[in-house]
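Colleague: I have just opened this entry. Please show me how to read its features.

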Amino acid sequence: MKDLINKKILFIICGGVAAYKSLETIRLFKKNNAEIKTILTKSAKEFVTPLSVTSLSQGKVYDDLFNVENEMEMDHIALSRWADVIIIAPATANTISKLSQGSSEDLASTVVLASNKQVFLVPAMNVRMWEHKSTKDNIQKLSTYGYKLIGPTIGNMACGEFGEGKMSDPSEIFDEISNYLSNQVKNKRIKALVTAGPTNEYIDPVRFITNKSSGKQGYEIAKSLLKRGFDTTLISGPTNLHIDESINLIKVETAEEMFKETQKNLPTDIAIFSAAVADFKIDQKSQNKIKKQENFTINLEKNIDILNFVSNHNSMRPRLVIGFAAETENLDENATSKLSKKNCDWIIANDVSKKDSGFNSDYNEVTIFYKNSQNKKETLSLKKKSEISEEIVDRIVAQIN
Ligand code: CTP
């Protein structure tokens, strides 16, 4: 028995023969003290009744987007914020298609679209529908948005056919979600620090030297850590990216500010240095705007290496220190040398000379170099930065636990 006291689950039941399995799944969560609210889509009501769902869940059942009474009590945005996790079971081909289009035509799709929580899809449909290229494409698209899949399994279907498309068993759904929720609780006690974005090094009050970093990969990593429950701090150089307000976001501009804020946020258990910190700052920043002149020379001075400082800290070295290496040549050689020179546990390296990935792109391909592992390196192939960050955080969770 798992104690899911105070854990809030939003169930979305779609219309399918497998909907009866959702009732059993709700019963399992209720038995383990979870708090449950449910949304029934219009067609779900052909298979299960609001009364049976509310009796089992002992929680509110919603079925209409523009119901004045419901909206007054808890509007659809509040409902999406209320949940710790959202489970769509059974997830029909139609709902999967709607979600992949970002539809908001009913309460279920609107709440999912507005959600910042982990969404689990538990598909159930005929084998041909599941194997159809359009369903496969929709699932692929949803996984790039961070949705997680449970099942489907292979077996005899209600329609008489045999194959993949059966909804997973309630016990399997329960195990997967309750593990996710218990890890979230465990992770709340673990501090993670992420640096992201470029830094600006001022020449005078209006001019500065910077670099092409967008900060996207670092923000995605911070989002993935936050979703898994880690107590996450993001120290960000100047970017135009947005992130959930529940994160501890510290905005800085220069490498010196980033260094000061990093120091203030030690100790931490995990430190991920994805920022493209300027290696140099201007030796003598002019207090006034520099006037036009024939020749102008600026002297550069080395910035402190924040990663190096943290990874060699004698009393506050985090349990896991991860550095990044942006390279245009000799990736393996440079990354391996940074791994030891910077005393990191991992270096995540990418080739920034490639046009379809790296700086400013939504896509990335990275190779992780490990210090203490039998697999010395591992490549995460080209995919969205949001997916790369999920894969990186999967590995962080495995390592830290
Ligand atoms: N880094 C840092 N502080 C700096 C410079 C870099 O924390 N002043 C961190 C970056 O966030 C990254 C790693 O160090 O995690 C690698 O930075 P990079 O600039 O690629 O490597 P360098 O050691 O500066 O080597 P080079 O620029 O010569 O490749």
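Modeller: A word on the source. This is a predicted model, where local features need pLDDT of at least 70, side-chain atom pairs count only at pLDDT 80 or more, and totals for chains, interfaces and linings use all residues. Residues are numbered from 1 along each chain as its sequence is written, and side-chain values use heavy atoms, with hydrogens and water left out.

Colleague: How is the protein chain divided into domains?

Modeller: Domain bounds come from an automatic or database domain assignment. Here domain 1 covers 8–185 and domain 2 covers 189–400. Their C-alpha centres lie 37 Å apart. Contact means heavy atoms within 4.5 Å. The contact takes 12 residues from domain 1 and 9 residues from domain 2.

Colleague: How much area do domain 1 and domain 2 bury between them?

Modeller: Buried area is the accessible area (1.4 Å probe) that two parts lose on being put together, summed over both. For this pair the value is about 850 Å², with 38% of it on carbon and sulfur atoms. On the domain 1 side, Asn 116, Thr 144 and Gln 184 lose the most area to domain 2, together 43% of what that side buries.

Colleague: How many salt bridges does the rule find across the interface of domain 1 and domain 2?

Modeller: A salt bridge puts a side-chain nitrogen of Lys or Arg within 4 Å of a carboxyl oxygen of Asp or Glu. The rule finds 1 across this interface. Glu 390 forms a salt bridge with Lys 148, and the closest N and O atoms are 3.0 Å apart.

Colleague: Which helices each supply at least two residues of the side of domain 1 that touches domain 2?

Modeller: Helices (H or I, at least four residues) and strands (E, at least two) are DSSP runs, numbered from the N terminus. Helix H8 (133–144) and helix H9 (170–187) each supply at least two residues of that side. The largest share, 4 residues, comes from H9.

Colleague: Is Ser 389 buried or exposed?

Modeller: Buried means under 20% relative accessible area, exposed over 50%, partly exposed in between (1.4 Å probe, protein chains only). Ser 389 counts as buried because its relative accessibility is 0%. Ser 389 is found in helix H14 (residues 385–400). Not counting residues up to four places away in sequence, Ser 389 touches Gln 217, Glu 220, Ile 221 and Ser 224.

Colleague: Which residues of helix H11 are buried?

Modeller: In H11 (residues 255–264), they are Ala 255, Met 258, Phe 259, Glu 261 and Thr 262. Among the elements they pack against are strand E9 (191–196) and helix H12 (306–311).
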